[in-house]
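Welcome! Please open the model in your viewer and keep the selection tool handy, and we will take the tour one stop at a time.

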Amino acid sequence: LPPLSTMKFFLAAALLVATTSGAYVAPTTNYDRCLTPSEADDIATAISNGIDVDLFPDKVAPDQSSYWDMEYHGTYKILKNTQDTISTSYLLYQCGLSTMPFNDTELAQFDSVF
């Protein structure tokens, strides 16, 4: 048998895994639909347990065009029109998630929220 301290470590690790979002699996492609309530709950649990979540593994960049930029942040992305005369920004948030990462005052900085 392994030493008692080793057994305690593995027991603690097993309990930690059982209490974190074991059901969350990082996507391999971007979602093309709203999240189900179960998926949204798994993601919220993962985030609350400090797990880095990236719902947008397929990233775009302005390689072949100008005047725009995209910033990625776990559960949302920000599309910016960088043309000097327009300069607008859009919050693109994954459909189906129950909480927004911004309060109403912070949301005012965006021209639209999708």
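Which residues touch the most other members of the largest nonpolar core? Select Ile43, Leu55, Leu91 and Leu97: of the 16 residues in that core, these touch the most other members. A nonpolar core here is a set of buried Ala, Val, Leu, Ile, Met, Phe, Trp, Tyr and Cys residues joined through side-chain atoms within 4.5 Å. Buried means under 20% relative accessible area, exposed means over 50%, and partly exposed lies in between (1.4 Å probe, protein chains only).

Before moving on, note that this is a predicted model, where local features need pLDDT of at least 70 and side-chain atom pairs count only at pLDDT 80 or more, while totals for chains, interfaces and linings use all residues. Residues are numbered from 1 along each chain as its sequence is written, and side-chain values use heavy atoms, with hydrogens and water left out.

**Stop 1: helix H2**

Select residues 37–48, which form helix H2. Helices (H or I, at least four residues) and strands (E, at least two) are DSSP runs, numbered from the N terminus. Colour Ala40, Ile43 and Ala46, which are buried in H2. They cover an arc of only 125 degrees around the axis, so they sit on the same side of H2; the arc is that of the directions from the helix axis to the C-beta atoms. Now turn to the other side of H2, where Pro37 and Ser48 are exposed. Just after H2, find glycine 50, with a positive phi of about 80 degrees.

**Stop 2: leucine 97**

Go back to leucine 97 and show its contacts (heavy atoms within 4.5 Å). Leaving aside neighbours within four places in sequence, leucine 97 is in contact with Leu35, Ala40, Ile43, Leu55 and Thr75.

**Stop 3: the aromatic rings**

How many aromatic pairs does a search of the whole structure find? There are 4. Rings of Phe, Tyr and Trp (its six-membered ring) pair if their centres lie within 6.5 Å; planes under 30 degrees apart count as stacked, over 60 as edge-to-face and the rest as tilted.

Select phenylalanine 56 and tyrosine 72: their ring centres are 6.2 Å apart and their planes at 50 degrees, so this pair is tilted. Phenylalanine 56 is buried, at 4% relative accessible area, whereas tyrosine 72 is partly exposed, at 22%.

Next, select tyrosine 76 and phenylalanine 102, an edge-to-face pair with 5.1 Å centre to centre and 70 degrees between the planes.
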